[in-house]
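Thanks for coming, everyone. Please bring up the sequence and the structure, and we'll walk through a few places together.

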Amino acid sequence: RRRFEFWFDDGPLVGIDIPLLHVVPTDRESAFVDHLGPDLCAEAWDTESDVEVAVDRMLARPEVPLGGALLDQRNLAGFGNIYAVETPFICGISPFHPVGDVDALDGLIQVGAALIRTNAARGPQNTTGRRLGDADHWILNGGRSTCRVCSSRLERSAAERVVWRRRTVRCPTCQPHDAAVADLERAQRLLRLHPAHRMVAW
């Protein structure tokens, strides 16, 4: 699964499951990244201002479903499919809900940012806080057919059936289609065991 490995003075950078890699000269870098939103993994990440920028960019296209808006790197650079599925679940809102109708969108982005930044620093892409050494997820794990919170049957959609072309999982009970508010109290409960909990301004 290792596709490339670069060695630097302060250690290696290893690419796992990377389908395509382009290397460009530094002086051409801006042509490839200037259109991107705030970088979730940047050292200069500023939660308040960067989340505000991301929200403004998402709301410029209010009809886009939440899952697609989170994956659009022009809004916010760093949400991969794991977090675009898991963060809406943690916040109790459907990834299919139009982003312009989502209340507390800034809080939802903070939750995702905290998970991404914490996991990038410490290891596996864990969203539950359980078995922190493993890539443990609430609903994305392929082997689960029921929700770990309410035991409802999960709805799985293959990438070709989703507008934003990524496989998607949703719990119809925890993430009803009509829920329009990111439930930060729920998120606080579900993340209580995760180190990311300390990074969110609840």
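Leaving aside neighbours within four places in sequence, which residues is His194 in contact with? Here is the list: Leu115, Thr118, Asn119, Asn126, Thr127, Thr128, Gly129 and Leu132. Contact means heavy atoms within 4.5 Å.

Before going on, the ground rules. This is a predicted model, where local features need pLDDT of at least 70, side-chain atom pairs count only at pLDDT 80 or more, and totals for chains, interfaces and linings use all residues. Residues are numbered from 1 along each chain as its sequence is written, and side-chain values use heavy atoms, with hydrogens and water left out.

Back to His194. Find His194 in the segment after helix 6, residues 184-190. Helices here are DSSP runs of H or I with at least four residues, strands are E runs of at least two, and both are numbered from the N terminus. His194 has a relative accessible area of 2%, so it is buried. The cut-offs: buried is under 20% relative accessible area, exposed is over 50%, and partly exposed is in between, with a 1.4 Å probe and protein chains only. A polar atom of the His194 side chain lies 2.7 Å from the backbone oxygen of Asn126. The His194 side chain also reaches the backbone nitrogen of Ala196, at 3.0 Å.

Next, Arg117. This residue sits in helix 5. Now look at Ala42. Arg117 and Ala42 are 75 residues apart along the chain, yet their C-alpha atoms are separated by 8.9 Å. The Arg117 side chain reaches the backbone oxygen of Ala42 at 2.9 Å. Not counting residues up to four places away in sequence, Arg117 touches Leu40, Cys41, Ala42, Trp45 and Met199.

Two packed helices are described by the angle between their axes and the distance between the axes. How do helix 2 and helix 5 cross, and at what angle? The axes of helix 2, residues 47-59, and helix 5, residues 105-122, come within 10 Å and cross at roughly 120°. Axes are lines fitted to C-alpha atoms, for helices over the stretch in contact, and angles run from 0 to 180 degrees between N-to-C directions. Helix 2 and helix 5 are therefore oblique to each other. For the terms: under 35 degrees is roughly parallel, over 145 roughly antiparallel, 65 to 115 roughly perpendicular, and the rest oblique.

Who meets whom? From helix 2, Thr47, Val51, Ala54, Val55, Met58 and Leu59 meet Leu105, Asp106, Ile109 and Gln110 from helix 5.

On to helix 4, residues 81-90. After helix 4 comes Gly92, with a positive phi near 65°.

Last stop, two backbone angles. Ala104, in the loop between helix 4 and helix 5, is not a glycine but has a positive phi of about 65°. Ala104 is partly exposed, at 28% relative accessible area. Arg131 is not a glycine either, and its phi is positive, about 45°. Look for Arg131 in the loop between helix 5 and strand 3, residues 155-157. Arg131 counts as exposed, at 53% relative accessibility.

How values were computed:
Polar contact = N/O pair within 3.5 Å; in protein donor to acceptor, adjacent residues only side chain to side chain.
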